[in-house]
Amino acid sequence: ASARILSSGMRLPPLPSIRDLVKLYKLQAMKQLSQNFLMDERLTDKIVKSAGRIDHNDIVLEVGPGPGGITRSILRRQPQRLLLVEKDARFTETLQLLRECARPLDMEVEIYHEDILRFNIEQHVPDTTQRLHLIGNLPFAISTRLLINWFDDLSRRRGAFRRNDTCMTLTFQKEVAERICAQVGSEQRCRLSVMSQIWTEPVLKFIIPGKAFVPKPQVDVGVVKVIPLKRPKTELPFPLVERVVRHIFSMRQKYCRRGYSTLLPPEGREETTQALFQRADVKDTMRPFELSVAECLRLADAYADHLVAHPEVANYDYRAPKQALN
Ligand code: SAM
């Protein structure tokens, strides 16, 4: 009953500070799990605020809650369910403390001692009547892999993305955050920019200086809100798009036809590449960073059409050692 609604949300019962908990439970950061903790409540509140409105009927999944700084900010927003997926079991006790605080406030906190890369969201959130938010101060070591996995899920409308309004509010190394959001022609434009912008609209919300974390990482950190597009820009299968975009960007400083041509076997490579660029209506002397998402997707369409007549090309790997001819 003493709970008051503040600008940052509901007030939680008094708790020891995160700093004190880390000391008390001797939770030294482990480098191999990319652990850098946020102790400043204003920053954790700001990250959660970037996720937008969280209703009492919503579900939040937090990746890597650690000692629970962002977790507290999420609880102040009062979701109905909060799933915490944390690989390091040392944090279980501090997270259980938060679960006890949340229970009388009509919030259900579930703690999963698991790897997010293996976590089965459909099993834990079987129906799709409630909106889901994905939030996390991600471990650098897995952030890009997790994002790409989630784009794959998004393209197949599975996992967290059976609804098209599941937003991701995530941290990345500043340079990676800038690459995700980089527009055509910018120096940071890369494979990750194009992949991100095919299925989502990524927005760089703000930068957190490295010194705000304990221990301090070598780099600053960017908070990105990744909003799924209501209509993705392609219906092509994810692995095909991923393959084409990867090849296009494999030779960054060269004309884009160079990387793209390595999708094709050596016999007739030049002519086929030229024909596919013509079909896609893309100038083959542009550099990869100058290509728009639409142009990359037209090149993917042209490659997909080519595979219909030449299905064996799908397995071609230009890096594989040349096969002996008998
Ligand atoms: N959320 C906390 C904060 O902001 O202070 C901790 C963030 S720390 C950068 C990343 C957290 O992710 C750590 O608690 C780490 O143990 C956890 N983690 C690392 N790899 C993970 C994985 N594969 N699955 C789930 N959690 C992981």
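Arg 246 counts as partly exposed, at 37% relative accessibility; that class lies between buried (under 20% relative accessible area) and exposed (over 50%), with a 1.4 Å probe and protein chains only. The model is predicted: local features need pLDDT of at least 70, side-chain atom pairs count only at pLDDT 80 or more, and totals for chains, interfaces and linings use all residues. Residues are numbered from 1 along each chain as its sequence is written, and side-chain values use heavy atoms, with hydrogens and water left out.

**Exercise 1.** Describe the contact between Arg 246 and Glu 242.

Solution.
1. Their side chains meet in a salt bridge, 3.1 Å from N to O; the term requires a side-chain nitrogen of Lys or Arg within 4 Å of a carboxyl oxygen of Asp or Glu.
2. Both residues lie in helix H9 (residues 238-248), four residues apart, about one turn of the helix. Helices (H or I, at least four residues) are DSSP runs, numbered from the N terminus.
3. Glu 242 is buried, at 16% relative accessibility.

**Exercise 2.** Describe the salt bridge between Arg 156 and Asp 152, then the network that holds them.

Solution.
1. The closest N and O atoms of this pair are 2.6 Å apart.
2. Arg 156 and Asp 152 are four residues apart in helix H6 (residues 140-156), so about one helical turn separates them.
3. Arg 156 is partly exposed, with a relative accessible area of 41%, whereas Asp 152 is buried at 15% relative accessibility.
4. Salt bridges link Asp 152, Asp 153, Arg 156 and Arg 158 in a network.

**Exercise 3.** State how many salt bridges the structure holds.

Solution. The count is 21 salt bridges.

How values were computed. Helices (H or I, at least four residues) and strands (E, at least two) are DSSP runs, numbered from the N terminus.
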